[in-house]
Amino acid sequence: MTDSNTATPIETDALIVGAGPVGLFAIFELGMLKIKAHIVDSLEQIGGQCTALYPEKPIFDIPAWPKIDGAELIEKLEEQAAPFDPVYHLNEQVAGLARQDDGRFLMETSQGTRFLTKSVVIAAGGGAFGPNRPPLEGLEGFEGTSVFYMVRRREDFRGKRIVIAGGGDSAVDWAMSLPEVAEKVYVVHRRDKFRAAPESVERMNAWAENGKLELVTPYQLSGLDGTDGQLSAVLVKDFDGNERRLEADVLLPFFGLAAKLGPIADWGFPIEKQVIPVDRATCQTAEPGIYAIGDVAQYDGKLKLILQGFADAAAAAHSIRDIVYPDEPLHFEYSTTKGIPSG
Ligand SMILES: Cc1cc2nc3c(=O)[nH]c(=O)nc-3n(C[C@H](O)[C@H](O)[C@H](O)COP(=O)(O)OP(=O)(O)OC[C@H]3O[C@@H](n4cnc5c(N)ncnc54)[C@H](O)[C@@H]3O)c2cc1C
């Protein structure tokens, strides 16, 4: 944690790390006990694995939803959390954590946002998602200006010369879409065969035959050329070492997402094989005031299922209530009795 950061910390009762399904439900469970939460996620959208990995796949084992798509489940959870006015801090990864003399935690994100919180709820799943980056010299200098790991608005690429790299669904989907706006599209893949849905690959091959895009296979990315963050060419090599220079303004590497726990691993409590051992009854870690729920939490009999993560969220919220309201005994009430705050 940088001591040089003088920004006033945001004060809160609970800071949730991870806006996956379980982190989102934790907002609700905490809110029902009058515990105010802020929530941080390294992705630019909420939903964790459900949104990032399978938004359109149906889930069949959410109680009372015989079938619900990943993205729809997240919409419902966001709606359920909304009455408690959660504050989302997206595109930020948690970094440092230090306990203060008054027992609260000072936490800082990669973006420099600081929180002073009475409790921390780690709902980090398999870890912070980020793109798999190709090992190219000088790559960082082009990121955000000429190299992008996702396409937000296709229009941003109008008139550009684009190199798409990868052989999966994202690469093939954008290879079918970007030629409509781009000046030139190359698709670089290290194999001749693509791993995407066969009908998409067929359509992409047809586009290549019509000259709308150029398939560059079997080639791998080997270098970048350009100045001041602006690409002028992407270099590729085949397996015999023959190099080609593709004149381009933009590189879109689509090599999937990787998840890593990152700085959480240095917060002082034990972590075993990317999971955090907790007390099953409360989901508290070995560090009082820090809780772990959902896929990242480990106890005997743990199932990495959304529904078990929801139960973890309820257990943690009840334990956190003792920290936030130490002098107020809990009179347990059902939601049917106490209702929820009206908008
Ligand atoms: C293809 C597929 C199908 C599945 N089908 C089912 C199913 O049918 N039923 C079922 O119950 N489960 C299913 N699962 C599993 C289910 O998706 C997970 O159990 C669930 O997503 C776990 O939720 P979570 O909130 O604990 O973690 P995640 O969904 O992994 O969310 C964690 C979030 O935390 C963020 N994060 C992590 N570290 C940090 C950090 N340091 N700073 C900021 N943000 C951070 C991540 O970016 C991520 O958004 C499936 C999983 C996959 C991949």
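A salt bridge is counted here where a side-chain nitrogen of Lys or Arg lies within 4 Å of a carboxyl oxygen of Asp or Glu. By that criterion, the structure holds 15 salt bridges. The model is predicted, so local features need pLDDT of at least 70 and side-chain atom pairs count only at pLDDT 80 or more, while totals for chains, interfaces and linings use all residues. Residues are numbered from 1 along each chain as its sequence is written, and side-chain values use heavy atoms, with hydrogens and water left out.

**Overall architecture**

The protein contains seven helices and 20 strands; helices (H or I, at least four residues) and strands (E, at least two) are DSSP runs numbered from the N terminus. The C-alpha trace spans about 70 × 50 × 40 Å along its principal axes. Of the 343 residues, 47% are buried, where buried means under 20% relative accessible area, exposed over 50%, and partly exposed in between (1.4 Å probe, protein chains only). Among contacts (heavy atoms within 4.5 Å) with a separation of 6 or more, 59% join residues 24 or more positions apart.

**Salt bridges**

| Pair | Closest N and O atoms |
|---|---|
| Arginine 104 – glutamate 11 | 3.0 Å |
| Arginine 153 – aspartate 156 | 2.7 Å |
| Glutamate 214 – arginine 244 | 3.0 Å |

Arginine 104 forms its salt bridge with glutamate 11. This pair links distant parts of the chain, 93 residues apart: arginine 104 is in the loop between strand 6 (94–99) and strand 7 (105–109), and glutamate 11 is in strand 1 (residues 10–17). Glutamate 11 counts as exposed, at 55% relative accessibility. A network of salt bridges links Glu11, Asp102 and Arg104.

Glutamate 214 is bridged to arginine 244. The former lies in strand 12 (residues 214–216) and the latter in strand 15 (residues 243–247), so the pair ties together parts that are 30 residues apart in sequence. Glutamate 214 is partly exposed at 23% relative accessibility, and arginine 244 is partly exposed at 28%.

Aspartate 156, the partner of arginine 153, is partly exposed at 40% relative accessibility. Glutamate 155 is placed in the loop between strand 9 (128–131) and strand 10 (161–165) and is partly exposed, with a relative accessible area of 39%. Glutamate 155 and glutamate 180 are 25 residues apart in sequence, and their C-alpha atoms are 9.8 Å apart in space.

**Helix 6 and its surroundings**

The axes of helix 1 (residues 21–32) and helix 6 come within 8 Å and cross at roughly 35 degrees. These axes are lines fitted to C-alpha atoms, for helices over the stretch in contact, and angles run from 0 to 180 degrees between N-to-C directions. The contact involves Pro21, Val22, Phe25, Ala26, Glu29 and Leu30 of helix 1, and Ile306, Gly309, Phe310, Ala313, Ala314, Ala317 and Ile320 of helix 6.

Leucine 303 is in the loop between strand 20 (297–298) and helix 6 (306–324) and is partly exposed, with a relative accessible area of 48%. Leu303, Leu305 and Leu307 form a nonpolar surface patch with about 240 Å² of accessible area together. Patches are made of residues with over 30% relative accessible area and no salt bridge, like charges being joined within 9 Å and nonpolar side chains (Val, Leu, Ile, Met, Phe, Trp, Tyr) within 5 Å.

Notes:
Accessible areas come from the Shrake-Rupley method with a 1.4 Å probe; for residues, only the protein chains shown count as cover.
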